[in-house]
Amino acid sequence: MSTEKTIRDAGFSSTSDPYKFKKDNSTVTVRPGQGIIVDHGGRHNKYGSNTSDSFLSNRLNK
């Protein structure tokens, strides 16, 4: 499963920035080689680029 599919399955949609996905007040930014930033209404969490899709799915579906 790809990271992008995991993010879309959690209900996030793409934006004009090809690396950013949005859902309500939350955004997910995926920068190749730099990791994943999840912003839940001002609370930021950064994950490494080697984060597993299952872990990411659990974090996004909370």
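Which residue in E3 does Lys 23 stand opposite?

1. The residue opposite Lys 23 is Ser 26 in E3. Please bear in mind that the model is a predicted one. Strand E2 (residues 20–23) and strand E3 (residues 26–31) run antiparallel and are joined by four bridges.

2. These strands belong to an open sheet of five strands, paired antiparallel in the order E1-E2-E3-E4-E5. Strand E1 (13–14) and strand E5 (43–47) form the edges, each pairing on one side only.

3. Helix H2 lies across E3, E4 and E5.

4. The largest nonpolar core has 10 residues: Ile 7, Ala 10, Phe 12, Phe 21, Val 28, Ile 36, Val 38, Tyr 47, Leu 56 and Leu 60. Two or more residues of this core come from each of strand E4 (35–40) and helix H2 (53–60). In soluble globular proteins, nonpolar side chains tend to be buried together.

5. Leaving aside residues up to four places away in sequence, Ile 7 touches Phe 12, Phe 21, Val 28, Val 30, Leu 56 and Leu 60.

6. The structure holds one aromatic pair. The ring centres of Tyr 47 and Phe 55 are 5.6 Å apart and the ring planes stand at 75°, so the pair is edge-to-face. Tyr 47 is buried, because its relative accessible area of 13% falls under the 20% cut-off. Phe 55, at 39% relative accessibility, counts as partly exposed.

Terms used: Residues are numbered from 1 along each chain as its sequence is written. This is a predicted model: local features need pLDDT of at least 70, side-chain atom pairs count only at pLDDT 80 or more; totals for chains, interfaces and linings use all residues. Side-chain values use heavy atoms; hydrogens and water are left out. A nonpolar core is a set of buried Ala, Val, Leu, Ile, Met, Phe, Trp, Tyr and Cys residues joined through side-chain atoms within 4.5 Å. Buried means under 20% relative accessible area, exposed over 50%, partly exposed in between (1.4 Å probe, protein chains only). Contact means heavy atoms within 4.5 Å. Rings of Phe, Tyr and Trp (its six-membered ring) pair if their centres lie within 6.5 Å; planes under 30 degrees apart count as stacked, over 60 as edge-to-face and the rest as tilted. Two strands pair if DSSP finds at least two bridges between them. Axes are lines fitted to C-alpha atoms, for helices over the stretch in contact, and angles run from 0 to 180 degrees between N-to-C directions.
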